[in-house]
Every structure is written in C-alpha cells, then in structure tokens.
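Subject: Structure for you to look through

Dear colleague,

Here is the structure I promised to hand over, and below it I have set out what was found in it. Please keep the model open while you read, and go through it in the order of the text.

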Amino acid sequence: NCGDEIVNNITYFVSPEFPGLTSKNQTCSVKVKKIASDISQIRLDFVHFNLGQPNRQTGICDTDVFYMTGGQGRSMSICGQNSGQHVYFEVDNNSDTIELIMNLTAPNLFRLWEVRISQIEFGIRVPAGCSQFFQGKSGIIQTMNFAINGRHLANQDYNICVRSEENTCSIVYEPCDDNSFKIGPSVLGGEGGGILSDSAGSGAGPLPLSDSMRATSRECNDRVIMPC
C-alpha cells in the first residue's frame, strides 16, 4: 500500500484498487529496506505497468512518472507501458534504502501497476552496473515503453547485460522487423551543425549524404553501444 515500508523478500507494490484500475491523481510510494547485510541488489519486475505516456514532443515523463531513488545505482524515471520489463539496483551499503515513487498527474487516465520486489544476495547477484540482465540462448531486448502507440523515453542511460551461455562464443543482435530499431538522428559537428534526416540511426540503410556532409564529423545524442 502507499506509504508502506517493505521489510520482506518477494513483495508486491500494487496500485490502489488493484486488480482494478485507478484514475486518482496522487503520489504513491513505498520504501524497501534490506532484510540482511549480504543483500547486494534489488530487482524490480514490472508484472503489470500501465501509466500515462510521455510528452509526445520531448519524450519526457512530465505527467505520470515512476522513479526510483536511493541505493548506489543510477536513478531511473519511466512511464508508459512497461509490463514484462525489469531493472536491478545496487544496494551494497548496509544502510541503503530504495524508494519507489508513483507520481500521477495526467488527467482523465486509468492506470494499473504490479511491481514484484526481490532482494538479491551477494552470491547470486548479477554483474555490477547491469540495470537489466538476460540469460538464455535467445530472447528479445526492448526499450522502456516499447508499444504500438509508445514513444521512446527521454534521458535513459543504462546498461543491458547478456550472460554468455555454455559452449557459445558469439552473439548476434538483429531487429525483429523493419520498424523495431529506431533511435534519434545524428547531429552534425563542426561548421554548419544541424540535424540529419529522420532516418538516421534507424537501421534503414546508408544515408544519402553529400560529399561535404561526409567530411563533417557526426555525433549521436541517442546511441546504442555494443562491445565487440
């Protein structure tokens, strides 16, 4: 319930009126305290997560927003549709407390959430710095708010890790379809800086750049970095 302090493992933070929908504008939060000194991480599984969409122009969650504070990991703010997603938070310090906050201000909107909270012992923790961790020989990695009518959330900066499976030596990433990998366009550096076409970074093939544009350095405001 809103305002509770969680001191047990495998606990659920659910919306008021759950499993029904809630339309009341409010701030609902819970605090998660470590149950033992060897708890190293908190894992949040978004079993159900349906809040208001971000600003259509900026991608910022400026009405409904769920954010997490405390611990030693990066704070993260998300909104929209995130059922099935998960995140990890580092809590190595004995006094670390994670606070989960739902701030709901979007008018005339029905919401629903169910967040499973798990406390992870040091011996079974995922690698440090991994906000998400995937295992298995195949799977799907999606951005937050990946939905038919969803918009990519602004100001997201986190690491997604994939475990190396036994008897494997490489990994292949590929879009699920022609429209499943799009990020912000490149920004031209140097003189005459500006924005390239909207297809930049979409995986849609080489850009039709002029000779002068090819000679100009490019920087990406949005980027996906894959080690090799």
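Helices (H or I, at least four residues) and strands (E, at least two) are taken here as DSSP runs and are numbered from the N terminus. Counted in this way, the protein has one helix and 13 strands, and from the N terminus on its elements run β-β-β-β-β-β-β-β-β-β-β-β-α-β.

Before the details, please note that this is a predicted model, in which local features need pLDDT of at least 70 and side-chain atom pairs count only at pLDDT 80 or more, while totals for chains, interfaces and linings use all residues. Residues are numbered from 1 along each chain as its sequence is written, and side-chain values use heavy atoms, with hydrogens and water left out.

The mean pLDDT of the protein is 82, and 80% of its residues reach 70 or more. Among the elements, β9 has the highest mean pLDDT, at 96, whereas helix α1 (residues 211-214) has the lowest, at 43. Over residues 189-217 pLDDT stays under 50, and for this stretch the model has 39 contacts beyond four places in sequence, where a contact means heavy atoms within 4.5 Å. Where pLDDT is low, the predicted coordinates should not be read in detail.

The two sheets

Strands of a sheet pair through backbone hydrogen bonds, either parallel or antiparallel; here two strands are said to pair if DSSP finds at least two bridges between them.

Strands β3 and β8 pair in the antiparallel sense over eight bridges, with Met102 in β8 as the bridge partner of Cys28. Strands β5 and β8 are also antiparallel, over five bridges; Met68 has Leu100 in β8 as its bridge partner, and Thr69 has Glu99.

What lies inside

Which residues have the most contacts inside the largest nonpolar core? This core has 31 residues, and those with the most contacts inside it are Phe13, Leu44, Phe66, Leu100 and Met102. A nonpolar core is a set of buried Ala, Val, Leu, Ile, Met, Phe, Trp, Tyr and Cys residues joined through side-chain atoms within 4.5 Å, and buried means under 20% relative accessible area, exposed over 50%, and partly exposed in between (1.4 Å probe, protein chains only). The strand β4 (39-50) gives the most to this core, with five residues. Leaving aside residues up to four places away in sequence, Leu44 touches several residues, including Phe66, Leu100 and Val115. A second, separate core of six residues includes Ile120, Val126, Cys130 and Phe133. Over the protein, buried residues make up 35% of the 228 residues.

In the loop between β2 (11-14) and β3 (26-33) you will find Pro19, and the peptide bond from Phe18 to Pro19 is cis, with omega near 10°. Ile10, which lies in the loop between β1 (5-6) and β2, has a positive phi of about 50° although it is not a glycine, and at 48% relative accessibility Ile10 counts as partly exposed. Asn155, in the loop between β10 (132-134) and β11 (160-162), also has a positive phi, near 60°, and Asn155 is exposed, with a relative accessible area of 70%.

With best wishes

Notes. pLDDT is the predictor's confidence in each residue, from 0 to 100.
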